[in-house]
Amino acid sequence: MPASRPLRADARRNREALLSAARQAFLGDDTDAHVEDIARSAGVAVGTLYRHFETREALIEEVYRKEVDDLCSAPGDLLDQHTPHEALRRFLLLLVDHAAVGKGMSAVLESIMATDSPVFDDARTRMANGLSQLLDAGSAAGTVRDDVTGSTLLRALGGICGIRATEGWLVEARQITALLYDGLRHGASQAT
């Protein structure tokens, strides 16, 4: 289906149902879910799945991209609802939770890691940009130090979330992220 032509309402519903069913399968215990099972769970025929996604990898990539879209829409919303430093704290924790989603999807994501897909580079860039937006707001408010970039902070979070192979890693990752957050506030001109 051409990208320039908008989807009809029923096609849009089918696409969303497929993405939802795939997300549930991939994040659950069924990382080897076949497209037939995903289509059945979405209440559509397998041909409908292939009209929206040419391959299983394309479906996996779109599920991951949607997770990243949801995550990367958060900084602006958080800044609208909270002080800059609180928005940053909350986004850091959302990134840790995103790593937990990635852990659940890691087996299926491996199938697109070997392709030329730009999805991971795009995700890292967008996450770093979100962090930069929050760091800039916090720095302007004087509540976050101004010598850290979004890409550096994302790299630090990658190291924190890299411990996820151990039991209880998510609790530890949140604790370490709280320490990192405290460090971002230390030395700020108006830290509160």
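R90 is partly exposed, because its relative accessible area is 35%; the term covers values between the buried class (under 20% relative accessible area) and the exposed class (over 50%), computed with a 1.4 Å probe on protein chains only. The structure is a predicted model, in which local features need pLDDT of at least 70, side-chain atom pairs count only at pLDDT 80 or more, and totals for chains, interfaces and linings use all residues. Residues are numbered from 1 along each chain as its sequence is written, and side-chain values use heavy atoms, with hydrogens and water left out.

The side chain of R90 meets that of E86 in a salt bridge, a term that requires a side-chain nitrogen of Lys or Arg within 4 Å of a carboxyl oxygen of Asp or Glu. Side chains of opposite charge can pair when their charged atoms come close. R90 and E86 both belong to helix α6 and stand four residues apart, about one turn of the helix. Helices are DSSP runs of H or I with at least four residues, numbered from the N terminus.

E86 also forms a salt bridge with R89. These two residues, R89 and E86, lie three residues apart in helix α6, again about one turn of the helix. E86 counts as buried because its relative accessibility is 18%, while R89, at 29%, is partly exposed.

A further salt bridge joins D69 and R126. This pair links distant parts of the chain: D69 lies in helix α4 (residues 56-72) and R126 in helix α7 (residues 119-141), 57 residues apart. D69 is partly exposed at 33% relative accessibility, and R126 is likewise partly exposed, with a relative accessible area of 26%.

| Salt bridge | N to O distance |
|---|---|
| D69 and R126 | 2.6 Å |
| R89 and E86 | 2.7 Å |
| R90 and E86 | 2.8 Å |

By the rule given above, the count comes to 12 salt bridges. Elsewhere, R15, E61, E62 and R65 are linked in a network of salt bridges.

Helix α6, which spans residues 84-113, also contains H98. H98 counts as buried because its relative accessibility is 11%. Leaving aside residues up to four places away in sequence, H98 touches Y64, E67, V68, L71 and M127, where contact means heavy atoms within 4.5 Å.
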